[in-house]
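Here is a short report on one chain.

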Amino acid sequence: MEYLPNIIFAIALFAGIGFFVNNIKKLSRNIKLGKDVDRNDNKSERFKNMAKIALGQSKMVKRPLSGFLHIIVYVGFIIINIEVLEIVLDGLLGTHRLFQPILGEAFYGFLIGTFEILAVLVLLAVIVFWLRRNVSNIKRFLSTEMKGWPKNDGNYILYFEVVLMTLFLTMNATDTSFQEAGVGNVISQYLVPLFDGFSAETIHTIERTAWWIHILGILVFLNYLYYSKHLHILLAFPNTYFANLKPKGQFNNLVSVTNEVKLMMDPDADPYAMPEVCAEETTPEKFGASDVTDLNWVQLLNAYTCTECGRCTSSCPANLTGKKLSPRKIMMDTRDRLEEVGRNIDANKGEFKDDGKQLLNDYITPEELWACTSCNACVEECPVNIDPLSIIMDMRRYLVMEESAAPQELNMMMTNVENNGAMWQYSQQDRLNWAKED
């Protein structure tokens with residue numbers, strides 16, 4: 001029975017890690033459903049972006065209050081979790097504060113003291129975040145797409161943080177030997193009076209209970225990430241690394257269209273030549289995107305990385321003028337559809353069976369797509385370099401090139417370009433008449 005707690009801990013640890021790994025495999029599988037795109041160029045610049053934006057949080061502080069508070073939570077989350085290594089080793093080996101004799105009392109006390117200060121700062125930041133989300137009536141948290149699960153999800157994470165930080169401080173406050181040493185208990189020493197009057201055995205039970213719930217809570221939190229917008233904790237790093245480095249006004253050209261234009265411009269090409277027949281008949285590539293599998297894998301990675309912070313939507317001129325478009329909703333809808341496709345594949349033993357749905361119309365409407373001004377404000381504002389505009393443009397391409405479903409104004413413009421060589425409804429002979437007017 002002496003080793004029973006260690007065995008139970010090992011089972012819980014490996015079960016939690018195993019479930020997490022399984023979810024990461026699903027995540028990777030879903031992202032790889034996207035089309036291939038090469039993002040291996042300019043590696044030094046990509047690493048620089050990742051270090052500056054994902055690690056350094058450089059775009060977060062553009063909005064000072066929320067940016068500063070986010071940095072506190074981010075730093076606290078990373079640094080305090082260094083202690084998780086000690087907890088894991090203690091749980092597996094049956095030791096107690098294994099690092100204390102190894103690091104020395106002074107340095108160990110400095111580390112734990114730093115953790116305790118950060119824990120309090122995280123608690124204060126989380127309280128402010130909760131008030132901003134639920135009391136302050138900030139417009140970007142009140143949008144239609146933030147009702148129900150998205151709102152609850154954001155709050156659940158805040159509650160997780162409060163519980164974990166409280167358990168950490170409680171664990172330290174009831175650790176009698178740690179308190180007696182008087183080194184590193186810069187915050188927890190003020191919680192000790194709360195347990196006056198309790199027997200030594202009861203205090204030890206509270207300490208052990210807080211210890212167990214703390215580590216099990218971390219394992220639950222780890223696996224909750226897959227179902228939460230807080231997956232960006234992990235994906236912000238690859239997302240910023242693989243972000244588009246081209247100028248924001250530059251759109252990609254479809255290879256098939258480019259080849260057609262080159263053929264038309266080639267004076268040596270035979271205009272009457274029949275296209276070569278492939279040995280194996282293949283389905284022609286779709287122009288644009290109507291479903292998630294038509295998007296590239298970076299766009300799908302973007303969808304999973306979305307923090308749902310709403311900075312993109314709050315900066316979108318179309319949204320600000322009352323249009324239906326919300327760049328945040330575009331990313332959330334893409335992720336939701338991708339998850340639906342993933343569940344379909346899981347239910348059908350690795351094969352997707354047509355469910356009669358697609359991203360276009362079932363999730364994102366043409367009205368939303370055509371409201372976009374392609375100004376790139378959403379791309380500029382995103383703190384982790386997500387690109388909603390690329391998805392919007394690919395879906396517009398599908399509407400125009402596959403369904404001829406452009407708005408009337410655009411169809412008139414394209415007809416004029418085709419017939420008159422300009423967007424105005426003048427003949428080519430009259431195109432310069434405006435210059436002769438007084």
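The report below covers the model, the chain, a helix and a residue.

## Basis

This is a predicted model: local features need pLDDT of at least 70, side-chain atom pairs count only at pLDDT 80 or more, and totals for chains, interfaces and linings use all residues. Residues are numbered from 1 along each chain as its sequence is written, and side-chain values use heavy atoms, leaving out hydrogens and water.

## Overall build

The chain has 20 helices and zero strands (DSSP runs: H or I, at least four residues; E, at least two). Its radius of gyration is 28 Å, well over the 22 Å that the globule rule gives for 438 residues, so the chain is more spread out than a compact globule. That radius is taken over C-alpha atoms, and the rule is 2.2 Å times the number of residues to the power 0.38. The C-alpha atoms fill a box of roughly 100 × 60 × 40 Å along the principal axes.

Of the 438 residues, 43% are buried (under 20% relative accessible area, 1.4 Å probe, protein chains only).

## Helix α4

Helix α4 spans residues 82-93. Its twelve residues reach 18 Å from first C-alpha to last, close to the 16 Å expected at 1.5 Å a residue (1.5 Å times one less than the number of residues). Buried residues here are E83, V84, E86, I87, V88, D90 and G91. Their cover includes α1, α3, α5, α6, α7 and α9. G94 follows α4, with a positive phi near 75°.

## Residue D333

D333 sits in helix α15, residues 327-347. D333 counts as buried because its relative accessibility is 9%. Leaving aside residues up to four places away in sequence, D333 touches L359, Y363 and I364 (heavy atoms within 4.5 Å).

Terms used. Buried < 20%, exposed > 50% of the residue type's maximum accessible area, 1.4 Å probe, protein only.
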